[in-house]
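User: I would like to learn how to read the features of a structure like this one. Can we go through them step by step?
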Amino acid sequence: MKVLVIGSGGREHAIVHKLRKDDRGLELYAAPGNAGIQLLATCVPIQVDDLEGLLKFALEEGIDLTIVGPELPLVLGIVDIFEAKGLRIFGPNKMAAQFEGSKDFTKAFLMKHKIPTAKSETHTKLDEALRALDRFDLPVVIKADGLAAGKGVVIAQSKKEASDAVTDMMANQVFGDAGSKVVIEEFLSGIEASILCFVDGHSIVPMQPAQDYKKALDGDEGLNTGGMGTYSPSKVIDEAMMSKIQRDILDPFILGIKQDNINFKGILFVGIMINGDAINVLEYNVRMGDPETEVTLIRLENSLLDIIEAVETETLKDIKLTWSSSHAVCVIMASGGYPEAYEKGKKISGLKEASDTFIFHCGTKMLSGDIVTNGGRVLGITSIGRTLEEAREKAYDGVAEISFEKACFRGDIALF
Ligand SMILES: Nc1ncnc2c1ncn2[C@@H]1O[C@H](COP(=O)(O)OP(=O)(O)O)[C@@H](O)[C@H]1O
Ligand SMILES: [Mg+2]
């Protein structure tokens, strides 16, 4: 069986690694992949937004199943294009991918189906958006409606910051078209978590939750990043909370998509804010998170292909997910300067996997025989252990072996 994985990050490396672990006989391909994925799969230099190129490759190569890692091709409608040609592809179609492609689409859905979420207004006219700010307390949250590579949300502490953000998005188009519509939202405090789920249109099955660390620096200081580390299972979400999430947030999602005729098949990532008893949805994503995937798939005992098949045949309710009793910790090594400007092309040394430690490549490439940095987040050093402490120690032992110029990482992943 030939399987193509679309993407080039740690998430896709973890997916390829899991597929390879499940079934040694698979013929794996990745587009475009990276220097780590290359050791497990044949990488083809096709970019994730080149839908025609990907389709042509899948048809010519006789790919049996395509798994889409990142959101961009999903939002652009890759699933519809592949399915129109009779190809199997895992992920939501263009209509359903709006849960990530449009924050306004999601807010309207959440409110219609009474799923708890922060109070908000959506605006398409600058003057009306500026006036709307008066109706919100500070801090206030300003969100560009469309995809903005994780940079489209501003938490404004002052009136001026809020009106600047609205003006930048709507008039100065700093996020292009993505900011022509803005969502202005009430600020929620609390602890953030994300729940990743498999969805077949009728059932929604959550994976064991992972906890992530979004800030660049120790002690949750510094700028927001794509994620500097994760651990699983989460200490924040216990079984009682998970049942509440299922009842108040996940089950109503299924009822809502059925009522609205949205055919959602794939992965739903539910970002939530927990404050005591109150659990609010912050956003939906329509794919796995990175680096949540690294610590999640490594503990999943079912075959990923079995689950994907159950999603396709709408028999997810018959699948029971089973998880290793181990703990997993992922520490991201990033390029100095990230999430702001950073340099690429730094030679990486010390890349040697130890037992129970896996080095997932997030942003790397081969350059004349060397593996070099090729992104802000470079590697996700992921370890498993009998306890969280053991996993954490092994992951940091792994980090200590690896070096590249200006490498940086947090020292407190899985400590709190
Ligand atoms: N209403 C809110 N209250 C407080 N913080 C928020 C709110 N909405 C978003 N955030 C913060 O901003 C981050 C990014 O927002 P999110 O809606 O997840 O958009 P995206 O991931 O597309 O940038 C969240 O992870 C959270 O930390
Ligand atoms: Mg988010």
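This is a predicted model: local features need pLDDT of at least 70, side-chain atom pairs count only at pLDDT 80 or more; totals for chains, interfaces and linings use all residues.
Analyst: Start with how elements are named: helices and strands are DSSP runs, numbered from the N terminus.

User: Where is Pro32, and what is the peptide bond from Ala31 to Pro32?

Analyst: Pro32 sits in strand 2 (residues 27-32). The bond from Ala31 is cis, with omega near -10°.

User: Now phi. What is the value at Glu314, and where does this residue lie?

Analyst: Glu314 has phi near 60°, a positive value in a residue other than glycine. It lies in the loop between helix 11 (304-312) and strand 16.

User: On to the nonpolar cores. How many residues does the largest have, and which have the most contacts inside it?

Analyst: The largest core has 95 residues. Those with the most contacts inside it are Val5, Ala30, Cys197, Leu268, Val329 and Val331. Strand 16 (residues 327-335) gives the most to this core, seven residues. A second, separate core has 18 residues, including Ala144, Val166, Phe175 and Val183.

User: Take Cys197. What is it in contact with, leaving aside neighbours within four places in sequence?

Analyst: Its partners are Ile204, Val205, Pro206, Met207, Leu250, Ile267, Leu268 and Val270.

User: How is the chain divided into domains?

Analyst: There are four entries: domain 1 (2-93), domain 2 (125-180), domain 3 (191-318) and domain 4 (327-408).

User: How should I read the contact between domain 3 and domain 4?

Analyst: In general, the size of an interface is often given as the accessible area lost when the parts come together. Here, read it by residue contacts. 16 residues of domain 3 are in contact with 15 residues of domain 4. On the domain 3 side, strand 13 (221-232) and helix 10 (292-297) each supply at least two residues. Strand 13 gives the largest share, 10 residues. By class, that side has seven nonpolar, seven polar and two charged residues. The centres of the two domains, taken over C-alpha atoms, are 24 Å apart.

User: Last, ligand 1. Which residues come nearest, and which elements give two or more residues to its shell?

Analyst: The shell has 13 residues, and Ala118, Val141, Val153, Leu188 and Glu283 come nearest. Strand 8 (153-156) and strand 15 (278-285) each give two or more residues. The shell divides into seven nonpolar, three polar and three charged residues.

User: Why does ligand 1 lie between two domains?

Analyst: Look at who supplies the shell. Domain 2 (125-180) and domain 3 (191-318) both give residues to it, so ligand 1 lies between them.

Conventions. Residues are numbered from 1 along each chain as its sequence is written. Chains are lettered from A and ligands numbered from 1 in the order in which they are written. A nonpolar core is a set of buried Ala, Val, Leu, Ile, Met, Phe, Trp, Tyr and Cys residues joined through C-beta atoms within 7 Å. A residue is buried if 20 or more other C-beta atoms lie within 10 Å of its own, exposed if 12 or fewer, and partly exposed in between; C-beta atoms are placed from the backbone. Helices (H or I, at least four residues) and strands (E, at least two) are DSSP runs, numbered from the N terminus. Two residues are in contact if their C-beta atoms, placed from the backbone, lie within 7 Å. Domain bounds come from an automatic or database domain assignment. Ala, Val, Leu, Ile, Met, Phe, Trp, Tyr, Cys and Pro count as nonpolar, Asp, Glu, Lys and Arg as charged, and the others, Gly among them, as polar. A residue is near a molecule or strand if its C-beta atom, placed from the backbone, lies within 6 Å of it.
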